[in-house]
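Dear colleague,

Please find below the structure that I am handing over to you. My notes on what was found in it follow.

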Amino acid sequence: MLIIGIAGGSGSGKTTVVQSIVSQLKEKVVVIPQDCYYKDSSHLSMEERQQINFDHPDSIDFDLLCCQLREIKAGNTIQQPVYSYVSCSRSKTETITVEPADVIIIEGILIFTCEELRRQMDIKLFVDADDDDRLMRVMSRDILERGKTVSTVIERYTKTVKPMYLQFIEPSKKYADIIIPQGGHNQVAIDVISATIEKYLTKNK
């Protein structure tokens, strides 16, 4: 089993990189998104939930994520939590069954900020992109997929997304084995990484 961590700022193109790698690998691949592991905030009012800084490492339940990754590495099935961006809380009744696979990809903006999680990774990739490009992608995603307004997105980017990127995410780039510039548009890098992963898996079968 190969554990791959893919980090990078919001809107850097991580999802595109993940999808490209998954589509090229012949082995069974499971993707574990960091966003499923936001701490449960259902005990808070909606107004309080909307004030949570989701770009700070403290917003992530790293204990649960690390525990479930250890379980899946041991060959056990896990029940991955389900998080709603609309209600800003974790589902009390719904989970996703995740079974062991040849390749486990952990994807998220803050995954390299947790030392215990980093130690469980075999390969660490950081997806880099221009600040303006990331802002445009964040705006498009949050407006179309999460029902946010333009003013809300810009306010959040200014108050939390950009400061947290500079404080936590960009510095975590030093832990990466490979940095992918140009985000998800760098097909050459994606092809090289996919070939490297396939070679690694073939050698260790």
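In which helix does Thr-160 lie? Thr-160 belongs to helix 6, which comprises residues 150–169. Please bear in mind throughout that this is a predicted model. The relative accessibility of Thr-160 is 18%, under the 20% limit, and Thr-160 therefore counts as buried. When its neighbours within four places in sequence are set aside, Thr-160 is in contact with Asn-53, Asp-55 and Tyr-165.

Five strands make up an open sheet, arranged in the order 2-5-1-6-7 and paired in parallel. The edges are taken by strand 2 (29–33) and strand 7; each has a single partner strand, so one side of each is left without a neighbour in the sheet. Ignoring direction, neighbouring strands of this sheet are turned against each other by 20° on average.

Is strand 6 enclosed or open to the outside? Five of the five residues of strand 6 (residues 123–127) are buried, so the strand is largely enclosed by the rest of the structure. Ile-123, Leu-125 and Val-127 point one way from the strand, while Lys-124 and Phe-126 point the other way, and all are buried.

Helix 3 (residues 62–73) lies across strand 1, strand 2 and strand 5 (103–107), and its direction makes an angle of about 170° with strand 5.

The largest nonpolar core contains 34 residues, and Ile-104 and Leu-117 have the most contacts inside it. Two or more residues of this core come from each of strand 1, strand 2, helix 3, strand 3 (78–84), strand 5 and helix 6. Helix 3 supplies the largest share of this core, namely five residues. Setting aside neighbours within four places in sequence, Leu-117 is in contact with Phe-62, Leu-65, Cys-66, Leu-69, Ile-106 and Ile-111. Apart from this core lies another, of 19 residues, which includes Ile-6, Val-103, Ile-123 and Leu-201. In general, nonpolar side chains of soluble globular proteins tend to be buried together.

**Cysteines**

How many disulfides does the model contain? The count comes to zero. For Cys-67, which is in no disulfide, the nearest cysteine sulfur is that of Cys-66, 8.8 Å away. Cys-67 has a relative accessible area of 33% and is partly exposed. Cys-114 is likewise in no disulfide, and its nearest cysteine sulfur, also that of Cys-66, is 4.0 Å away. With 12% relative accessibility, Cys-114 counts as buried.

**Salt bridges**

Six salt bridges were found in a search of the whole structure. One of them links Arg-70 and Glu-116, whose closest N and O atoms are 2.4 Å apart. Arg-70 is part of helix 3 and Glu-116 part of helix 4 (residues 115–119), so this pair ties together parts that are 46 residues apart in sequence. Both partners are partly exposed: Arg-70 has 40% relative accessibility, and Glu-116 has a relative accessible area of 31%.

Another salt bridge joins the side chains of Arg-119 and Glu-115, at 3.3 Å from N to O. These residues are four apart in helix 4 and are thus separated by about one helical turn. Arg-119 is exposed, at 60% relative accessible area, whereas Glu-115 is partly exposed, at 48%.

Lys-173 and Glu-170 also form a salt bridge, with their closest N and O atoms 3.4 Å apart. Lys-173 counts as buried at 18% relative accessibility, while Glu-170 counts as partly exposed at 30%. Through salt bridges that share partners, Asp-128, Glu-170 and Lys-173 are joined into one network.

With kind regards

Note on methods: Residues numbered from 1 in each chain as written. Predicted model: local features only at pLDDT ≥ 70, side-chain atom pairs only at ≥ 80, totals over all residues. Heavy atoms only, no water. Buried < 20%, exposed > 50% of the residue type's maximum accessible area, 1.4 Å probe, protein only. Pairing = 2+ DSSP bridges. Axes fitted to C-alpha atoms, helices over the stretch in contact; angles between N-to-C directions. Contact = heavy atoms within 4.5 Å. Core = buried A, V, L, I, M, F, W, Y, C linked by side-chain atoms within 4.5 Å. Disulfide = S-S within 2.5 Å. Salt bridge = Lys/Arg side-chain N within 4 Å of Asp/Glu carboxyl O.
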